[in-house]
Amino acid sequence: MIADLPTALATGWHAALAEAFAQPSMAALRDFLAEAVAAGRTVFPPMPDIFRALELTPPDAVRVVILGQDPYHGAGQAHGLSFSVRPGVRVPPSLVNIYKELQDDLGIAPVAHGYLEAWARQGVLLLNDSLTVEQGKAGSHRRQGWERFTDAVVRVVDRGPPTVFLLWGAAARKKAAAVDAGRHLVIHSSHPSPLYGSAHKGFFGSRPFSRANAFLAANGRGMVDWALPERV
């Protein structure tokens with residue numbers, strides 16, 4: 001399964017990322033993940049979901065990139081979309097804060113679930129800096145090769161039409177170096193996590209959703225409907 005992961009991608013991403021997949025760092029990453037699984041360590045998200053964000057949002061459809069740090073490391077949470085959890089899973093604290101900012105920004109009341117696939121299907125690429133993590137160990141798969149791969153994803157989007165990049169947290173903000181801020185809108189802030197008061201250090205009050213829609217409308221790319229369905 002690990003060796004076959006790239007075959008799950010939509011044709012657009014598979015072609016655009018062919019060079020990235022061929023890099024030695026990706027071969028080393030495959031080995032790292034295979035060794036982790038062989039050793040009995042639990043890796044999130046499940047292997048079939050690692051590239052779910054790319055599967056749902058092909059490169060020619062990307063209008064907004066929401067970039068986090070690494071997947072949720074609790075059981076049953078991560079499913080390949082940054083900040084999202086499957087229906088029936090408790091809304092994580094970071095997403096609770098995202099919903100608070102969404103309500104303050106656009107007046108959209110929080111829904112009872114944390115399933116963000118509706119955003120992904122509108123061209124919101126829900127990407128993390130690292131795409132896997134070991135259970136219970138935040139940041140455990142950093143510097144194993146994912147950062148180079150997600151840099152390549154960002155460069156693909158950068159070559160496309162005007163796009164909004166929402167970079168939340170220190171790891172995400174590093175991606176700004178790969179973005180032409182003259183053509184795209186880059187909004188970076190602290191991470192929405194409540195840990196250490198992070199969300200209060202620049203995330204709350206940043207109004208990312210209204211600013212994103214204003215930029216998209218001004219560039220003829222339409223606006224994202226940020227209101228999630230009540231039922232999923």
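**Exercise 1. Find which residues are linked in a network of salt bridges.**

Solution. Start with the criterion: a salt bridge is a side-chain nitrogen of Lys or Arg within 4 Å of a carboxyl oxygen of Asp or Glu. With that in hand, the network turns out to link Arg 52, Glu 55, Glu 117 and Arg 121. The structure as a whole holds eleven salt bridges.

Before going on, please note that this is a predicted model, in which local features need pLDDT of at least 70 and side-chain atom pairs count only at pLDDT 80 or more, while totals for chains, interfaces and linings use all residues. Residues are numbered from 1 along each chain as its sequence is written, and side-chain values use heavy atoms, with hydrogens and water left out.

**Exercise 2. Describe the salt bridge between Lys 175 and Asp 151.**

Solution. First, the distance: the closest N and O atoms are 2.5 Å apart. Lys 175 sits in the loop between α8 (170-173) and β6 (185-189) and Asp 151 in helix α7 (residues 146-158), so the bridge ties together parts 24 residues apart in sequence. Finally, check accessibility, where buried means under 20% relative accessible area, exposed over 50% and partly exposed in between (1.4 Å probe, protein chains only). Lys 175 is buried at 4%, and Asp 151 is partly exposed at 25%.

**Exercise 3. Work out what lines the second largest cavity.**

Solution. Begin with the rule: on a 1 Å grid over the protein atoms alone, a cavity is a set of points where a 1.4 Å probe fits but cannot get out, and lining residues have an atom within 4 Å of a point.

Now read off the lining, which includes Ile 50, Phe 51 and Gly 80. Both α4 (52-56) and β3 (124-128) supply at least two residues, and β3 gives the largest share, three residues.

Notes:
On a 1 Å grid over the protein atoms alone, a cavity is a set of points where a 1.4 Å probe fits but cannot get out, and a pocket is an open set with protein on both sides within 12 Å along at least five of seven lines; lining residues have an atom within 4 Å of a point. Helices (H or I, at least four residues) and strands (E, at least two) are DSSP runs, numbered from the N terminus.
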